[in-house]
Amino acid sequence: MELNSEFLNKYNVSGPRYTSYPPANFFHANINSDNYIEELQASNTQKPENISLYIHIPFCPLRCHFCGCNTTSGQNRSVVRRYIDAVKKEIKIVANNLDLNRRVTQIHWGGGTPNSIAMSFIEEIMNLIKETFVIAKNAEIAIECSPAYLDFSHIDELAGMGFNRVSLGIQDFREDILEVVNRQAPKHPVKDIVEYFRQKGFSGINLDFIYGLPMQTTESFRETLNKAIEIKPDRIVTFSYAHVPWVKEAQKKLEEIGLPQAKDKIAMLINSIKQLQDAGYISIGIDHFAKPEDDLAQAYLNKKLHRNFQGYCTLETTGQVYGFGASSISQLWGAYIQNRKGIFEYMDSVEKTGFAVERGYILNKNEQLARSVINSIMCNGILIFDEIASQFQISVDEVKNIIAFDKSRFLDFENDGLIQINNNSITVSDKGRMIARNIAMALDPALKQGEAIYSKTV
Ligand SMILES: C[S@@+](CC[C@H](N)C(=O)[O-])C[C@H]1O[C@@H](n2cnc3c(N)ncnc32)[C@H](O)[C@@H]1O
Ligand code: SF4
């Protein structure tokens, strides 16, 4: 089957994105800080042994109408000050429960827009992290930035604090499109910004784009990606615009302006894959692209890719993730624990109790196994049953029983040339990787078919 709209329409069903397993809609409120403390302590002897830290900064000077992230705008400096103090308190209390001989291999600052707060606030937290933890020499220290608020002096400061990875939210290069979605244009040419990050020793430099925004056409998006290719970032992400106005009220404004038709969105997807592959990028999954020499592309080619809520990462550097700040999610071997989403609820709770747990999920052994199966397909496009069996010290038949494996669910994939399947393995073809979510759904023992709560798989 060709990569065309007929193919994508066939497999374009509602399904989880599998950024976690079980997906976040399984999280429930019957989890409290005592459970979190138990899981923190247990995580010290579980895999992976490294520590990843995630700091969530829910502040943006202006809110883009399309935004699906947990953020706020219009907060004054005293609120940000109070927030930074709460995050520092949370870090200290979580650290009290961790084996501090474990090494930190990843620090990720996300948001919101972390670079929109004072650099001195970022530095305070980075100093605390450095005083508290052992940071591995090759640690990836990443920050998500909007170029609307980025000066060259900020890049100097970030490099001075030890940051070595950056992801820039571009979304589109057309200023009229940015204006209509209420987004501020970059302060300096993105090419110069990327060049300066590179001079300062940053690698894995990523640019984020979104297709499916108002006024975008297949031609305009092609031009935007051509500009991106000229800039030569190490990585490019092309997100499909996730329209969930029932959760994000502001997105209704985009309906008023008018969104591209589904067929145009699919054309943008097909064109972007071809365009970026022709430009020498390796496509990872449906929407991530990396230069062949980039760590992520190398990990993908060597089947050593991993994934967490912050995106793809390599198996070498990944750790169990400890999240700090409003809405952040800790992803431990045994549990997911999410903080309160509202910034004031988060700060009140941390100030009173040191924690702000809102919901989460504790995984039993069978769910841990199903997670390994799903991750294997989602990240590396291969599932080898006897490897999972030996990892969990059970037989292949037991593995198949636990995930309620049913070969008949794979017939269509096989006939369409999307997988090769035998008794011990499922290997996903290059084209099959476009619909890895659908294949993962067929291996998911907990999936309630037909649930409309998920976005479309394509
Ligand atoms: C936290 S933001 C990145 C940093 C910064 N706030 C910015 O916008 O430049 C993470 C990314 O999520 C993506 N995003 C936000 N809302 C989205 C939506 N509704 N659908 C798809 N992608 C979305 C954007 O591409 C954005 O760059
Ligand atoms: S700047 Fe980034 S996080 Fe902030 S509203 Fe826009 S897309 Fe969302």
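Methionine 215 counts as partly exposed because it has 17 C-beta neighbours inside 10 Å; the cut-offs are 20 or more other C-beta atoms within 10 Å for buried, 12 or fewer for exposed and partly exposed in between, with C-beta atoms placed from the backbone. Its phi is positive, about 70°, although methionine 215 is not a glycine. You'll find methionine 215 in the loop between β5 and α8 (218-231); helices (H or I, at least four residues) and strands (E, at least two) are DSSP runs, numbered from the N terminus.

Serine 327 also has a positive phi, near 70°, but with 20 C-beta neighbours inside 10 Å serine 327 counts as buried. Its loop runs between β11 (320-324) and β12 (329-331).

## Ground rules

This is a predicted model, so local features need pLDDT of at least 70 and side-chain atom pairs count only at pLDDT 80 or more, while totals for chains, interfaces and linings use all residues. Residues are numbered from 1 along each chain as its sequence is written, and chains are lettered from A and ligands numbered from 1 in the order in which they are written.

## Two cis prolines

Most residues other than glycine have a negative phi, and most peptide bonds are trans. Tyrosine 21 and proline 22 are joined by a cis bond with omega about -5°, and proline 22 sits in the loop between α1 (5-11) and α2 (33-43). Another cis bond leads from lysine 47 to proline 48, with omega near -10°; here the loop is the one between α2 and β1 (51-57).

## Helices α3 and α4

The axes of α3 (residues 77-95) and α4 (residues 119-132) come within 10 Å and cross at roughly 10°. Axes here are lines fitted to C-alpha atoms, for helices over the stretch in contact, and angles run from 0 to 180 degrees between N-to-C directions. That makes α3 roughly parallel to α4 (under 35 degrees is roughly parallel, over 145 roughly antiparallel, 65 to 115 roughly perpendicular and the rest oblique).

On the α3 side, the contact includes Val80, Ile84 and Val87, and on the α4 side Phe121, Ile125 and Leu128; residues are in contact if their C-beta atoms, placed from the backbone, lie within 7 Å.

## Around ligand 2

Among the residues surrounding ligand 2 are Cys60, Cys64, Cys67, Cys69, Arg63 and Arg183, where near means a C-beta atom, placed from the backbone, within 6 Å.

How values were computed:
Contact = placed C-beta atoms within 7 Å.
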